[in-house]
Amino acid sequence: MKYQSQKVAKLYFIAAIGLFVGQILFGLIIGAQYIWGDFLFPTLPFNQARAVHTNLLIVWLIFGFMGAAYYLVPEEAETDLVMPWLAKLMFWIFLAAGAATIVGYIVMPFADLAKLTQNDLFPTMGREFLEQPTITKLGIVVVALAFLANIGFTILKGRKTVINLVLLMGLTGLAVFFLFAFFNPTNIVWDKYYWWWVVHLWVEGVWELILGSILAFILIKTTGVDREVIEKWLYVIIAMTLITGIVGTGHHYYWIGTPEFWQWWGSIFSALEPIPFFMMTVFAFNMVNKRRRNHPNKAAVLWALGTAVMAFLGAGVWGFLHTLAPVNYYTHGTQITAAHGHMAFYGAYVMINLAIISYAMPLLRGREAANSNKSQVLEMWSFWLMTISIVFITLFLTAAGILQVYLQRFSDNPLPFMVVQSKIELFYVLRELTGLVFLAGLIVYVASFFVGSREPEATVEGEVVAAS
Amino acid sequence: MEKPRWPPGDLVIWIFILAELLAFGIFFAAYAFTRANHVELFNTYQLTLDRNAALINTVALITSSYFVVRAVASIRQDDSRRCFHWLLAALAMGTLFLLVKSAEYHHHFSQGINLSTNTFYMFYLSLTFFHFLHVILGMVILLAVALKARRGCYSAAEHTGVETGASYWHMVDLVWMILFPLVYVMR
Amino acid sequence: MAQAFTKAMARNIFYGGTAFFFLLFLALTFQTHSVVPERDNHEAINDTVALGKKVWEENDCIGCHTLLGEGAYFAPELGNVYKRFGSTDAIKAFIKSRPVNGVPGRRSMPQFNLSDEELEAVAQFLKYVSGVKTNRNWPPTPQG
């Protein structure tokens, strides 16, 4: 750590991990409700618990992105943050607003939350992933503006690297497209059309810029490969991302009352969306193979390589599986979608956050470069436990989805939804069990922060044969 | 003397040319596949297209590609001025293409035809419009190259920029060479 | 190596490509705006439907159900529920009859205690959605 103000990142990372734990616990609750339908009913109905699960995910990922930005922007710009106090203040505001909203989801029915937050004045709540009360949404905008000002001015003041610029563009895009969350017409077609401008243009657009720049930063730091090479790759990858991803939004416009031409435009461009993810995998492995030195933080390198592979599998391959309109006709809105969502979010966004946390936390806690061997071994165990779990969760949900599609939509005598659900229960049981393994992995992950902290740092075994 | 590099121009542009050809390729395949299932419909509405206009455009693009070839040849002989002029000529041909194509669109739109009129028009408008945008993009690139050539930024020794722009323009031309027979002529 | 695969080149492709495809996306959006009014059943939108959409949102129905395939996958698709149930009365009766304490061992919709006006509104909202013309009449079967 070179700049004092980078320290603020630590707060954000700790909050992110805490909320991550909450997200997984609520995931297990709703996973159980898939098996025992009356679990916690009527105290905590599925919709409330699911909102907690998905909203915690989004909030902790954003906490992680912000922490990553506060850590890497000063280091790249070679100057302290312009307003470290604002970063701290916004942290507490964001955490309080987020926590209050989550508590609201848990302790009261949505209708009461709507009344409490005066949803009548400006109704925006209760749409998927944008369930937040309007007042929370406004709070998010304030926090985002303060955050962007803080890192924006820091970048302007200091050295302008490609990583910083791309990160800033990604974060600005995140804020700009969030504004569509305030557009909520009665006409359901337009509601859905512009809802995707938040959801799709986030996760298959600007968030990938954030992902790419954080990954590039970690690779520069851990491999010692020339910045020019890495930045060039970064540009090419994000170019492909937006070239395919923007028109690729069309794969959400097949069945919502939008015209037929989207089936062609959406299919063709979203079929190309795996390309940038594939390039990212090639990029990460290439850079690690060409490394000029071995970095003692092996866990961070593992997360970085892991995110490149899992993002390709989850977002690329599992996305491609059901992106073509003739396939999507049958699979739209089934457990196939859920399968893809789980692996894509884990692979692309959870893992990149864990990668930057893994890289930065030892430094933020006063280490020279890395944690002790003992701590790293534990962290790598958690990597494998969580990653293998998510692969199996995805496989079980895919199996459930295929059966669901067949029984409910494809066979000669389509069965009612609830009948089908009881027939595929086995896969929900398997998913829940795997979820418990994931939780075990997460516990190991958290433990890795507390184990071996008094032991000496890991060192590099042997020098690299420099490839240059 | 250094032996000529292959491929000419910048490697990255070739990656993008391949990606573009892939996108167009999928679009063409989809067209062919759909046409096979709706031969009647496609044949009927194909007759509403203005084949003469398309022929003029084909000639315009081929000519412009020729001019671009001359521009590259000029810069290889260190003649920036001539290179600039050939590029301007190519741009003029590009403009002609845009004008003719716009007139065609105007004709269709004034009849109330749009992407949702039927499957044939969906493909016709999508393919030609996507290509139309590429012509515009190609012209922007050629213009940038031309202005740099006028400022004397290129020489016989270093003219990657000219080759890069030329390669992209040839791609745009090539796509039209497939599009024209596929959409306007084939029955 | 003389190969001029420069960073500036990659940057230009990023900016150029993004602008290009964003404009293309806007053009397609513009085109969508001109066609959707023929398919979106907007004639059916009135104050009741608007209230119904608000009821739908304020009770987070999307947290269990899908609507035209989007939402959670815990409960049945409702984009075609009007067709599946046959009438707004049947929809209202179903919502009204949900037991407060659920059904032992099974999934059950909560009892939302909607007023008569809200019930009517949410049923009219679902009826309106079922009138949206989707491609190939999605969902594929009455079961959703």
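**Exercise 1. Place M380(A) in chain A.**

Task: In which helix does M380(A) lie, and is M380(A) buried, exposed or partly exposed?

Solution. 
- Step 1. M380(A) sits in helix α14 (residues 373-410) of chain A. Helices (H or I, at least four residues) and strands (E, at least two) are DSSP runs, numbered from the N terminus.
- Step 2. Apply the burial cut-offs. A residue is buried if 20 or more other C-beta atoms lie within 10 Å of its own, exposed if 12 or fewer, and partly exposed in between, with C-beta atoms placed from the backbone.
- Step 3. M380(A) is partly exposed, because 17 other C-beta atoms lie within 10 Å.
- Step 4. Look for partners. Not counting residues up to four places away in sequence, M380(A) touches A299(A) and L302(A). Contact means that the C-beta atoms of two residues, placed from the backbone, lie within 7 Å.
- Step 5. Check a distance. M380(A) and N289(A) are 91 residues apart along the chain, and their C-alpha atoms are separated by 20 Å.

A note on the model. This is a predicted model: local features need pLDDT of at least 70, side-chain atom pairs count only at pLDDT 80 or more, and totals for chains, interfaces and linings use all residues. Residues are numbered from 1 along each chain as its sequence is written, while chains are lettered from A and ligands numbered from 1 in the order in which they are written.

**Exercise 2. Describe chain B and S80(B).**

Task: How many helices and strands does chain B have, and where does S80(B) lie?

Solution. 
- Step 1. Chain B has 6 helices and 0 strands.
- Step 2. Its C-alpha atoms fill a box of roughly 60 × 30 × 20 Å along the principal axes. Of its 187 residues, 37% are buried.
- Step 3. S80(B) lies in helix α4 (residues 80-110) of chain B. S80(B) counts as buried because 20 C-beta neighbours lie inside 10 Å.
- Step 4. Leaving aside neighbours within four places in sequence, S80(B) contacts I75(B), A149(B), G152(B) and Y154(B).
- Step 5. S80(B) and L41(B) are 39 residues apart along the chain, with 51 Å between their C-alpha atoms.

**Exercise 3. Describe chain C and its partners.**

Task: What is the radius of gyration of chain C, and which element of chain C gives the most to the side that touches chain A?

Solution. 
- Step 1. Chain C has 5 helices and 2 strands, in the order α-α-β-β-α-α-α.
- Step 2. The domain assignment gives domain 1 (8-38) and domain 2 (43-137) of chain C. Their C-alpha centres lie 35 Å apart. The bounds come from an automatic or database domain assignment.
- Step 3. Turn to chain A. The contact takes 62 residues from chain C and 60 residues from chain A. α1(C) gives the most to the chain C side, with 14 residues.
- Step 4. Turn to chain B. Here 11 residues of chain C are in contact with 10 residues of chain B.
- Step 5. Check confidence. The mean pLDDT of chain C is 94, and 97% of its residues reach 70 or more. pLDDT is the predictor's confidence in each residue, from 0 to 100.
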